[in-house]
Structure formats: C-alpha cells, structure tokens
Amino acid sequence: MPVPWEALIPIGLVTVMFGTAGTLIKTSKQAQNQGKPVRYHVDAWDEMMMDRDQRLTGHKRGQRSDPVPPEGFETSSVWATEPRR
Amino acid sequence: MTTYKDGVRSSHPYKEPTSLPDSIPKVQELGTTSAPLKSAAFFLGAYCKEYNEDFMLCKQENRDPAHCLKEGRRVTRCATDLITKMRENCLQQFDEHWECLENNNQEYYLCRKPERTLNKCMFEKLGLTKTIPGAPKGKPPIHEVEKPIFKAIQK
C-alpha cells in the first residue's frame, strides 16, 4: 500500500508553525532581557531590586559592580511618592 | 510596585523636589546592582555584622526613616568598603559569580562552581567565609555538599 504522503504535509506545516512561533517568542523575550534568560518567580523584593537596577543602569536587567553610583542616583527614587503599604 | 505614574514624568528621570537638609552628613550611596550584591551577600553579613545588627535593632524600635539615619550611613559605608575590597582582590571570580547568577534567575544553587572559587579567593585574600545563619549544625552547609539533590539539570 503506498505511503499517505499527503497526510505528512499538514503535520509538517503545523510543526513548522509551532517551531517558528516558539523561536520568535524566545528571541523576542531574550532581546527584551538583554540576551539573558527571563527572570521568573519575581517577588516584591526582586521587583524593587530591578527598579533600583533601572535607576542605576537604565535597564531592568542591567548590572554593574562599581560601588560609585551614577550622577542623580540619590534623588531619583520614587519610593516616597508611592502610597504607604 | 507598579503604581500609576504620570506620563509627564516618564520621559526624563525623576528628581526629588525636596532633598535632605545640609545638617545631615552626606554619604555616598552604593552603586552596585542586584546580582553583585547577591553574590557578595554572605560576605557583607560576615564583614559588616555589627553595623547591620545595629541598624536592624534600631529599626525594630521605630520604623520612621529619620530615626535610623546614622546607623544606615554606617551600613552604607561598610558595604561600600567591602565591595571596593572585593573588587580589588577577587575581581575575576566575583565577576564570574555574579554573571552566572544573572544568567540563572539569581539562584545560588545553580551557580556552585563559580561560588566555590569566589569563596576560596575571599578566604585567602580577606579571611571571610560564607556561613549560613540558622543552618543545622551537624550536617555540612548546603553550599559545601558534594552531591546535592537540587542542582542544575546540565553539568
């Protein structure tokens, strides 16, 4: 009995579509995170630290180990303007 | 922490309209971001123990920010001092460890190899060891266990 090759066409199409969508999503997420894997299980502490990283480096995933902060770091905190928890 | 902020402010960084009065001594804030701080966390605990404990006890009395400014300045100065010393002595191991942490969701258990080299370098150069407070005393601490149960999937 001949092989039903017409059935493999939609299987191949669906596989390629899943694969492309997954790859594009992964690439987009990594580009948003400066090439690093996405942070998961981010709790309130991590959110606060990532906001601080943004004040220090300009991006939520930017990192620097220099102990001297950039100009304007001391006055750039919006902590005092947020409602009291 | 995602509260509504005016669109007017989003194009340039926020600047506090009322800064501290001049009567309060100025201290340079710590410009290190989260991953290097997490890497140095246990060494900060070992090196700055007295100042940290002072600050926490002070905060326990009264949570008003104005009450604990002096102890806070001491903590900041001690932390800046330690980070400077770490960068002078163990820069390469320090950088490796915090870069590994940053690529692994800032979890310690996924980055044991760079952590071991950093601990060794810190012990040799500055005499600081990482101790986990509250760890059970009979068994080896988790960062020294040879074959842990929770580990990275790939070697």
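Trainee: How many residues does the contact take from chain A and from chain B?
Mentor: It takes 31 from chain A and 29 from chain B. Keep in mind that this is a predicted model.

Trainee: What area do chain A and chain B bury between them?
Mentor: About 2,800 Å², with 52% of it on carbon and sulfur atoms.

Trainee: And how many salt bridges cross that interface?
Mentor: The rule finds 2 between chain A and chain B. On the side of chain A that touches chain B, the residues divide into 11 nonpolar, 8 polar and 12 charged.

Trainee: Which residue does Arg61(A) pair with?
Mentor: Glu102(B), with the closest N and O atoms 3.0 Å apart. Lys36(A) also forms a salt bridge with Glu102(B), at 3.4 Å.

Trainee: Why does the Lys36(A) pair join two chains?
Mentor: Because Lys36(A) lies in the loop between α1 and α2 of chain A, while Glu102(B) is in helix α4 of chain B.

Trainee: Are Lys36(A) and Glu102(B) buried or exposed?
Mentor: Both are buried.

Trainee: New topic. Where do Lys85(B) and Asp81(B) lie?
Mentor: Both are in helix α4 of chain B, 4 residues apart, about one turn of the helix. Lys85(B) is partly exposed at 27% relative accessible area, and Asp81(B) is partly exposed at 33%.

Trainee: Which residues of chain A does the "transmembrane region" annotation cover?
Mentor: Residues 6-25, according to an unreviewed UniProt entry. That stretch of chain A is 100% helix, and its end C-alpha atoms are 30 Å apart.

Notes
Residues numbered from 1 in each chain as written. Chains lettered and ligands numbered in written order. Predicted model: local features only at pLDDT ≥ 70, side-chain atom pairs only at ≥ 80, totals over all residues. Heavy atoms only, no water. UniProt positions renumbered as here; feature names shortened; annotations may be inferred. Contact = heavy atoms within 4.5 Å. Buried area = accessible area lost by both parts, 1.4 Å probe. Salt bridge = Lys/Arg side-chain N within 4 Å of Asp/Glu carboxyl O. Nonpolar A, V, L, I, M, F, W, Y, C, P; charged D, E, K, R; others polar. Buried < 20%, exposed > 50% of the residue type's maximum accessible area, 1.4 Å probe, protein only.
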